[in-house]
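Please consult the sequence and the three-dimensional structure alongside the text.

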Amino acid sequence: MGMAHVTKALLFAALLSLSTLSVRAAELDTEQLEDNEEAQQIRDEPAADVVSQVVEQADDVDLQSGTGDISTTDNCREDIERFCTETKPGENRLLACLTNQLNDEEAGKAADEGGKLSDSCKEEMRAVKAERSVNINYDIPLATVCKDDANQYCNDGNLYPEPGAVITCLREVNEKLSSKCKEEIFRVRKEASNDFIADAMLTELCTDDAQMLCEDVKAGGGRVQECLRKKRPQLSWDCQEELFRKEVEDASDIRLNTALLRVCSKDKKKFCADVKPGMGLAKKCLEDNRNQPDFSSECKSKFEEMMVRRASDFRLDETLRSECREDIEEVCGYEKDSLDTIAGYDGRVVECLQDYREELVKPGCKAAVHKVTERAAEDIRMDRPLADACYEDRKTKCAGVAPGSARVLRCLQDNRNQLSYECRATLFDQEVRLAEDIDFKYPMKKACKAEIENFCKGIEHGHARVISCLQVTHLTLATAIFWVSSSK
C-alpha cells in the first residue's frame with residue numbers, strides 16, 4: 001500500500017475516532033484494566049472496554065485493546081512473540097518494546113530480515129500512535145503523570161478546538177511542567193520527530209502535502225519531515241507554519257532531530273560521549289569537532305545543513321533564543337514583532353543583534369551573538385543577508401569554490417569590482433562587522449595562531465585589539481630584521 005493511501009487511512013481513522021467520542025465523566029476502571037492486561041498476556045481478547053478520562057480537559061475514550069497498549073491478537077502478535085515475549089502488556093509497554101525494536105532497525109542493528117518487524121505490524125503501530133496523538137486519554141502513562149499539569153496550564157479557556165489540543169498545550173509550556181510530565185512529553189515529542197503521523201496537528205495540516213510531494217518516501221526516521229522541508233516553497237502555508245513550529249520546538253535537543261541523529265550517532269559517541277543531552281549541548285560539541293580529521297563527512301554535511309537553517313532564524317538557535325530573550329525585546333523588539341508568522345526563516349532579528357551588539361546587556365547574549373558572527377565569517381551559508389544578496393554572484397564568480405574556511409568570502413573580495421551593487425554593498429557591511437575581532441578573521445586567526453599565542457596572549461578580543469597587536473608585532477619584527485640586516 002502506498003504512503004498516500006496509508007496516511008489518509010490512518011488520519012481518517014484517528015479523526016473519526018475523535019469525532020465520535022461521547023462526552024461523559026468516567027473513572028479509569030483499574031480492576032477491569034488489570035483483567036484486560038491478563039487477557040493480553042495469554043494472547044486473548046479483552047473481556048470489556050475500559051473508558052479513560054484521566055485528564056478532564058480531553059474527551060473520554062475507550063482504551064485501545066482494552067489496556068491502552070497495542071493488540072496482542074492482531075498484526076503484531078507474531079512480532080510480540082519474537083521480540084517482546086517477556087514484556088507485560090499495558091501502560092504502553094508492548095508498544096514501547098516494539099518501538100525500541102524499530103529504532104534498532106533504523107540504526108542498522110537488525111542483522112537480517114528475521115530480526116525485523118513485519119510491515120503489517122509497523123502499520124498497526126502507526127495506526128495506534130496516530131489515534132493516541134489526537135487525545136491524551138488514550139495514553140495512560142502520559143495522562144496519569146500530566147493530569148495536574150493539564151489542570152494548571154491547559155484549562156478549557158486556553159485550549160483550541162483541534163486534534164491533540166491538550167498534548168499541544170503541554171508541549172508549549174514544556175519548561176513549566178513537572179519532571180515526570182516533562183519526561184513523558186519528551187517521549188511524545190520524540191515519537192513525533194520520528195514519524196509525523198504521531199503529531200496530530202502536523203498530520204492534519206501536512207498530510208495532503210506529504211501525499212503530493214513525498215508519496216514515495218518511507219515512513220519513519222524523520223524522512224517525511226525532511227522531504228517536506230526540502231520542498232518548502234511548494235508546501236501549503238499551513239503546512240509550512242506547522243513544520244517550522246515543530247522545528248523550533250525540537251531545536252534544543254539533537255535526539256529530536258531523527259534524521260541528523262541517524263547520520264551522526266557514531267560521531268556523537270566518538271566525540272561527545274560524556275556530553276549530557278538537552279540545551280543544545282550535544283549540537284555544540286559536534287559543531288566544535290566537525291573539522292576534526294576523523295569526523296565523518298556524512299555527519300559534517302548533514303550537520304552543516306542544520307547550521308545553515310539555524311542561522312536563518314533566531315528561533316531555531318536554542319542558545320540565542322534563550323540567552324537573548326531580554327535583549328531581543330529591548331534592542332530588537334521591532335524586528336521581532338514584525339515577523340509575519342512563525343513560518344519564518346527570517347534573519348532580521350539575528351542581523352539586528354549583530355548590528356547593535358554593543359548595546360546588548362546580558363553577557364550570555366553577547367557571547368551567543370559573537371558565536372553567530374564567527375560562524376558567518378567562516379561560512380557564507382551561515383550569513384543569510386550576504387548569502388542572499390550575493391546568490392547570483394556566487395554562481396557566476398565562485399561556482400567552484402567550496403564553502404567553509406572563509407573561501408567564498410575571499411572569492412567575493414577578489415572579484416569585488418565585478419559584483420552586483422547589492423552584493424558589493426552587503427559585502428562591505430559585513431567586512432566592517434568582521435574587522436573588529438580576530439575571531440571573525442578566520443584565515444588570519446588560523447595562520448597567526450602561534451603569533452597570537454606568543455605576542456598577543458592576554459589581550460582582550462574585540463575592537464580590533466588583537467589585530468592591532470599583530471600589526472605592531474609585525475612592524476616591530478620587520479624593523480628589527482631591517483636593522484640587523486643593515487648592520488652587517
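The model is predicted. The protein contains 26 helices and 2 strands, and 50% of its 488 residues are buried. Of the contacts with a separation of 6 or more, 63% join residues 24 or more positions apart.

**Packing of α6 and α8**

- Helix α6 spans residues 140-153 and helix α8 spans residues 179-194; their axes come within 8 Å and cross at roughly 130°.
- An angle from 65 to 115 degrees would count as roughly perpendicular and one over 145 as roughly antiparallel, so α6 and α8 are oblique to each other.
- The crossing in which α6 passes α8 is left-handed.
- On the α6 side the contact involves Pro 141, Leu 142, Val 145, Cys 146 and Asp 149, while α8 contributes Lys 180, Cys 181, Glu 184, Ile 185, Arg 187 and Val 188.
- Classified by residue type, the contact of α6 with α8 comprises 7 nonpolar and 4 charged residues, with no polar ones.

- Asp 139 is located in the loop between α5 (119-132) and α6.
- Its relative accessibility is 3%, and because buried means under 20%, Asp 139 counts as buried.
- A polar contact of 2.9 Å links the side chain of Asp 139 to the side chain of Arg 187; Arg 187 also belongs to the α8 side of the contact with α6.
- When neighbours within four places in sequence are set aside, Asp 139 is in contact with Asn 92, Arg 132, Arg 187 and Val 188.

**Helix α10 and Arg 223**

- Helix α10 covers residues 223-230 and includes Arg 223.
- Of the 8 residues of α10, 6 are buried, so the helix is largely enclosed by the rest of the structure.
- The buried residues of α10 are Arg 223, Val 224, Gln 225, Glu 226, Cys 227 and Leu 228.
- Arg 223 has 18% relative accessibility and therefore counts as buried, the cut-off being under 20%.
- The side chain of Arg 223 forms a polar contact of 2.7 Å with the side chain of Glu 106.
- Apart from residues up to four places away in sequence, Arg 223 touches Glu 106, Val 217, Lys 218 and Arg 262.

**Packing of α18 and α19**

- Helix α18 (residues 348-355) packs against helix α19 (residues 363-378) at an angle of about 110°, and the axes are 10 Å apart.
- The two helices, α18 and α19, are therefore roughly perpendicular to each other.
- Val 350, Leu 353 and Gln 354 of α18 make the contact with Cys 365, Val 369, Val 372 and Thr 373 of α19.
- The contact of α18 with α19 consists of 5 nonpolar and 2 polar residues, and no charged ones.

**Packing of α22 and α23**

- The axes of helix α22 (residues 407-414) and helix α23 (residues 421-434) come within 11 Å, crossing at roughly 120°.
- At this angle α22 and α23 are therefore oblique to each other.
- The crossing of α22 past α23 is left-handed.
- Residues Leu 409, Leu 412 and Gln 413 in α22 meet Cys 423, Leu 427, Glu 431 and Leu 434 in α23.
- By class, 5 nonpolar, 1 polar and 1 charged residues form the contact of α22 with α23.

Note on methods:
Residues numbered from 1 in each chain as written. Predicted model: local features only at pLDDT ≥ 70, side-chain atom pairs only at ≥ 80, totals over all residues. Heavy atoms only, no water. Axes fitted to C-alpha atoms, helices over the stretch in contact; angles between N-to-C directions. Helix = DSSP H or I, 4+ residues; strand = E, 2+ residues; numbered from the N terminus. Parallel < 35°, antiparallel > 145°, perpendicular 65-115°, else oblique. Left-handed = near helix turned anticlockwise from the far one by under 90°. Contact = heavy atoms within 4.5 Å. Nonpolar A, V, L, I, M, F, W, Y, C, P; charged D, E, K, R; others polar. Buried < 20%, exposed > 50% of the residue type's maximum accessible area, 1.4 Å probe, protein only. Polar contact = N/O pair within 3.5 Å; in protein donor to acceptor, adjacent residues only side chain to side chain.
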